[in-house]
Amino acid sequence: MSRLSIRKLTKLYSETAAVEAFDLEVAQGEFVSLLGPSGCGKTTTLRCLAGLEVPTSGIIRFGEREVTSLPPEERNIGMVFQNYALFPHMTVAENVAFGLQMRGLSRAVARAKVDAVMDMVQLGGFQDRHPRQLSGGQQQRVALARALVIEPALLLLDEPLANLDAKLRDEMRVFIRSLQQRVAITTLYVTHDQAEAMTMSDRIVVMFAGRIHQLGSPYDIYFRPTTREVAGFIGQSNLFPAEVIGRDDARLVVQTAFGRLHCAGPADIDAKIRAHILVRPEAIRLTALGNGLDGRIIQRHFLGNIVDYRVMLDDGTLVSAQAIGDAAPQVGERVSLLVDESKTWWLP
Amino acid sequence: MTKKPPSRVPLRHWLFALPALLLVSVFIAVPYFTIAVMSVRTPSNTQIYAPGFTLQNYIRIVGDHLYLGLLADTLLYAAITAAICLVLAYPTALHLARTKSHLRGFLYAAVLSPLLTGVVIRCFGWIVLLATQGLVNDALRAVGVGPIPFLYRPTGVIIALVHVFLPFMILPIMNAVEAIDPRLEEAARTLGASQVTVFRRVILPLSMPGVQSGVILVFVLAASAYVIPMLIGGGRVQTMVTVIVQQLLGGFLWPFGAALALVLSLAAILVLIGFTLLTRRAMRRLA
């Protein structure tokens, strides 16, 4: 019913494209994140969906209904803004009831719906407060309640957790995701925080400079990035030059500084291509000298559950590696790096 | 035992407030006090005041329809001026606050430009424009209306008052609208509000503090205006202020003039308190 379909969406600002040829299909009840650095066009895309920006070209459909040029008030969307945008001159209950009033609901019906949604966001009893009397996290939940109470076709969230402190952000992440699943609402979530996108989303759209670089599950985005930008943006990554020299069933055989590796990669890659392999830090093990590629530890960051290493290889390449918390090697020690080839991935 | 640190505000903090305190006390509190004392002095024909104190100045004002009528006229002219300014200023302020035009700086300067010329010069300008043979009446005659007598009438005085005090209405409203987060308008739109509803439910109530300051400023300035009623009214439009000046300079009746001045201040303050309470209620109702 409330499927979302975006075709060839383009938004130009005086000749520069904020968003270009953006295609996306979102299924009913799906949670999709738009992820990318600031200025990549993710917020512009969201604002086009809300009707707050008019696309230069392209078509947006909610279900079968085309909404491309409808004003926001005729789209039946719920939107949560980064700064919450609660009406400061209204109480919490008045804020939440605003959208219901616009739909002409009677006072009594609106009252009941407001009470129900306030319980849902665990703010029962806060109805008569003013927004300024609430903490950031509480304001966030009021904004969420205000967006959800109108039972919108689509929930749009624009960096809603950016203004919260780290601990509250983690809580709200889980809270928003479970709420979204409970009411089964189609949701688009804009963020520049890859951890948010990874933990909450069914699928992630990674954007750079107005274009989609990759659309896939969090697993795919992390382990099977399609471009180097995606690999670099999601988590830490090491890229090593490699030459494809053959195929071994589903895996590519590549020649690298670590020797011959069997790495995963797209099926349509032919032999004799110069490319790179992506190795995540957790796929690199520090071992005693002579077991692999030798280098010297130049940085060591203890993070509790893991230790983050920077190793300078003898040829000058800088490599990130991780080990679990009690790993012993210290800065200055010489070590050998071993790559877990089952966790390597081909990149152009 | 160590002494507790003094809980009073340290002396050096008071020093920062000193210039403002001096200014307020020397130029507001002291003059008001002397006027208040003067207003209860016994009037005299041979000197500024006779010995002894009396309430007869106030009794004379309250008991005389002439002065109560003058007070009502003065407050009415000020209220009409403020109302016209509000109607003219709000759309201007809204546009100035929200426009992204590169003409914004020019428009802002245009709003302030009336302040660049002295009141007297502007009054003579209006006299030329509003005279029976003036530009405005020539234009009105051309379309078959008039001539309308503007000069020496409250109409002309109010036109000039509106012109002179309009910036004092536009600027506070503009500031108030600028302070409204555009995201609030967008949030209201996404919740189903049309642009008209957004204005009524979000912009108007949130800009009300600016409306209040603007109305208070213009009302007070218009109620206490002297030059404009004198020049445009030409002695035939009397307000409390022109009469007070007559008492002080013409009649040398300082105690009576002082009493008139205090009555005007008090009446204006009462009107403004009523206005503030009323708009506060309106603001709540709009939300």
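# Worked exercises on a predicted model

Asp138(B) counts as partly exposed at 34% relative accessibility, because buried means under 20% relative accessible area, exposed over 50%, and partly exposed in between (1.4 Å probe, protein chains only). This is a predicted model in which local features need pLDDT of at least 70 and side-chain atom pairs count only at pLDDT 80 or more, while totals for chains, interfaces and linings use all residues. Residues are numbered from 1 along each chain as its sequence is written, chains are lettered from A and ligands numbered from 1 in the order in which they are written, and side-chain values use heavy atoms, with hydrogens and water left out.

## Exercise 1: a salt bridge within one helix

Find the residue that forms a salt bridge with Asp138(B), and say where the two partners lie.

*Solution.* Begin with the rule, by which a salt bridge is a side-chain nitrogen of Lys or Arg within 4 Å of a carboxyl oxygen of Asp or Glu. The partner is Arg141(B), whose closest N atom is 2.7 Å from an O atom of Asp138(B). Helices (H or I, at least four residues) and strands (E, at least two) are DSSP runs, numbered from the N terminus. Finally, consider the exposure of Arg141(B), which is partly exposed because its relative accessible area is 33%. Elsewhere, salt bridges with shared partners join Lys11(A), Arg47(A), Glu53(A), Arg183(B) and Glu186(B) into one network.

## Exercise 2: a buried leucine

Decide whether Leu262(B) is buried or exposed, and list the residues that it touches.

*Solution.* Leu262(B) is found in helix α12 (residues 254–286) of chain B, and Leu262(B) counts as buried because its relative accessibility is 17%. A contact means heavy atoms within 4.5 Å. Leaving aside residues up to four places away in sequence, Leu262(B) touches Tyr32(B), Ile35(B), Ala36(B), Ser39(B) and Tyr58(B). For Tyr32(B), compare the two kinds of distance: Leu262(B) and Tyr32(B) are 230 residues apart in sequence, but 8.4 Å apart in space, C-alpha to C-alpha.

## Exercise 3: positive phi angles

Locate Asn76(A) and Ala184(A), and give the phi angle of each.

*Solution.* Asn76(A) is not a glycine, yet it has a positive phi of about 55°. Asn76(A) lies in the loop between β5 (65–66) and β6 (77–80) of chain A, and Asn76(A) is partly exposed because its relative accessible area is 27%. Ala184(A), which is not a glycine either, has a positive phi of about 50°. Ala184(A) lies in the loop between α5 (166–183) and β8 (187–191) of chain A, and Ala184(A) is partly exposed because its relative accessible area is 37%.

## Exercise 4: chain A as a whole

Summarise the helices, strands, extent and burial of chain A.

*Solution.* Count the elements to begin with: chain A has 8 helices and 20 strands. Then take the extent, for the C-alpha trace of chain A spans about 75 × 45 × 40 Å along its principal axes. Of the 348 residues in chain A, 52% are buried. Last, look at contacts in chain A between residues at least 6 apart in sequence, of which 65% join residues at least 24 apart.
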